[in-house]
Each structure stands twice: as structure tokens, then as C-alpha cells.
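Please keep the sequence and the structure in view while reading.

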Amino acid sequence: MDAERIIDLFLFAIPSLIVGLIAYYFFKEHTKNEDGRRRFLLKKDLQVSAMPLRLQAYERLALFLERISPNKLMIRVSPITSNKDDYEQLLIQNIEQEMEHNLSQQIYVSEKCWSIISAAKSATIQLIRKASLLEKTDTANKLREVVLTEMMERRAPSDAALSFIKEEVSDLW
């Protein structure tokens with residue numbers, strides 16, 4: 001009779017275990033769905049508040065790229081003396097200052113975007129240095145002329161970065 005009682009006990013316990021496991025599974029899935037819903041709502045709220053900041057960062061970086069474009073830089077920054085080395089340093093200093101003013105914007109843009117912007121800055125500085133090293137460049141005004149002539153023949157480094165920013169912003173929508 002003990003064996004019969006044990007079998008009866010198992011027959012009553014098995015449905016209870018099955019119901020318990022099913023309840024546990026549904027409770028676990030419900031909790032998982034609720035957690036996912038909360039995360040989604042939180043992320044959505046954060047995106048709504050962060051979007052204006054990100055767009056402002058892209059705007060500031062676009063302005064930075066426009067300001068360091070050699071064509072605009074040469075017009076905006078006039079030589080103080082006729083010494084080409086002084087003018088070269090003035091231009092590079094101006095580019096570096098512009099970059100420093102926009103360093104904090106890197107937290108709002110992708111890492112790839114920031115590296116492209118940094119590369120555009122470095123390429124612009126390199127362009128100015130190369131133009132300064134040419135033999136025909138002997139005065140500040142000649143440096144301006146050489147750089148502006150170079151820009152007529154090819155795209156400014158900042159133009160490629162600006163195109164990338166436009167592409168990245170269009171992906172936000």
C-alpha cells in the first residue's frame with residue numbers, strides 16, 4: 001500500500017509541477033517583456049531630449065568645417081606681415097583654436113564622424129604647410145595665392161567631411 005500511496009502522490013504532484021512550470025515561464029516572459037518595454041520608453045524619451053543637442057553639434061561642426069575651408073580661411077584671416085612663416089603659423093593657430101572651441105561636440109557624433117573631421121583639420125594644416133614649403137612661395141600674399149590656386153584645382157579637405165556630416169544627419173531621420 002505504501003507503493004500505491006506514493007504513486008497517487010506522484011499523480012497528484014505531476015500536474016501541480018506542470019502548472020507551476022507553466023506559470024513560472026509565463027511570469028518570466030511577462031517580466032522580460034515589461035523590462036523591454038520600459039527600456040524602449042526610456043530610450044525613446046532620451047532620444048527626444050538628445051536629438052536637439054546632436055543636431056546642434058552637427059551644425060557647429062559644419063560651421064567649423066566651413067571656417068577652416070582654405071578658401072574661406074584665407075579671406076577671413078589676413079596676413080599681418082609679409083613673412084610667409086608668420087602667416088602660416090597664424091593660419092594654423094586659427095584652425096587649432098577653431099578645433100578647440102568644438103572639442104566637446106565629439107560626444108554627440110559618431111566616432112567615425114569625429115575622426116573624419118579631425119582628418120580634415122589635419123589635411124588642411126598639411127595643405128598650408130606644403131604650400132609654404134614651395135620655392136615660389138616667398139611672401140604671405142604669395143602663400144595665399146598658392147593655397148587659393150590649389151583649391152581651384154581640387155576639393156577642400158573639409159568638403160569631404162561636410163558631405164559625411166550631411167549623410168550622417170540624413171540617417172538620423
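Which side chain meets that of arginine 129 in a salt bridge? The partner is glutamate 88, with a distance of 3.9 Å from N to O. It should be noted that the model is predicted. Arginine 129 belongs to helix α4 and glutamate 88 to helix α3, so this pair ties together parts that lie 41 residues apart in sequence. Glutamate 88 is buried because its relative accessibility is 10%, under the 20% limit. Arginine 129, with a relative accessible area of 38%, is partly exposed.

The structure holds 9 salt bridges. Three of them are listed below.

| Salt bridge | Distance, N to O |
|---|---|
| Arginine 129 and glutamate 88 | 3.9 Å |
| Glutamate 98 and arginine 76 | 3.9 Å |
| Glutamate 150 and arginine 154 | 3.2 Å |

The side chains of glutamate 98 and arginine 76 meet in a salt bridge. This pair also links distant parts of the chain, since glutamate 98 is in helix α3 and arginine 76 in helix α2, 22 residues apart. Glutamate 98 is buried at 11% relative accessibility, whereas arginine 76 is partly exposed at 33%. Both residues join Arg67 in a network of salt bridges. In the remaining pair of the table, glutamate 150 is partly exposed at 29% relative accessibility, and arginine 154 is partly exposed at 41%.

The nonpolar residues form another part of the picture. In soluble globular proteins, nonpolar side chains tend to be buried together. The largest nonpolar core here has 34 residues, of which Leu65, Tyr87, Leu91, Cys113, Ile117 and Ile165 touch the most other members. Helices α1, α2, α3, α4, α5 and α6 each give two or more residues to this core. The largest share, 8 residues, comes from α4. Beyond its neighbours within four places in sequence, cysteine 113 is in contact with Tyr58, Phe164, Ile165 and Glu168.

Is tryptophan 114 buried or exposed? Tryptophan 114 is buried, because its relative accessible area of 12% is under 20%. This residue lies in helix α4, which spans residues 111-133. Not counting residues up to four places away in sequence, tryptophan 114 touches Leu61, Met99, Asn102, Leu103, Gln106 and Val109.

Nonpolar residues also occur on the surface. Ile6, Phe10, Ile14, Ile18, Ile22, Tyr25 and Phe26 form a nonpolar patch there, with about 740 Å² of accessible area together. Isoleucine 6 lies in helix α1 and is partly exposed, at 46% relative accessibility.

Note on methods: Residues numbered from 1 in each chain as written. Predicted model: local features only at pLDDT ≥ 70, side-chain atom pairs only at ≥ 80, totals over all residues. Heavy atoms only, no water. Helix = DSSP H or I, 4+ residues; strand = E, 2+ residues; numbered from the N terminus. Buried < 20%, exposed > 50% of the residue type's maximum accessible area, 1.4 Å probe, protein only. Contact = heavy atoms within 4.5 Å. Core = buried A, V, L, I, M, F, W, Y, C linked by side-chain atoms within 4.5 Å. Patch = residues over 30% accessible without salt bridge, like charges linked within 9 Å, V, L, I, M, F, W, Y side chains within 5 Å. Areas by Shrake-Rupley, 256 points an atom, 1.4 Å probe, with all protein chains shown as cover. Salt bridge = Lys/Arg side-chain N within 4 Å of Asp/Glu carboxyl O.
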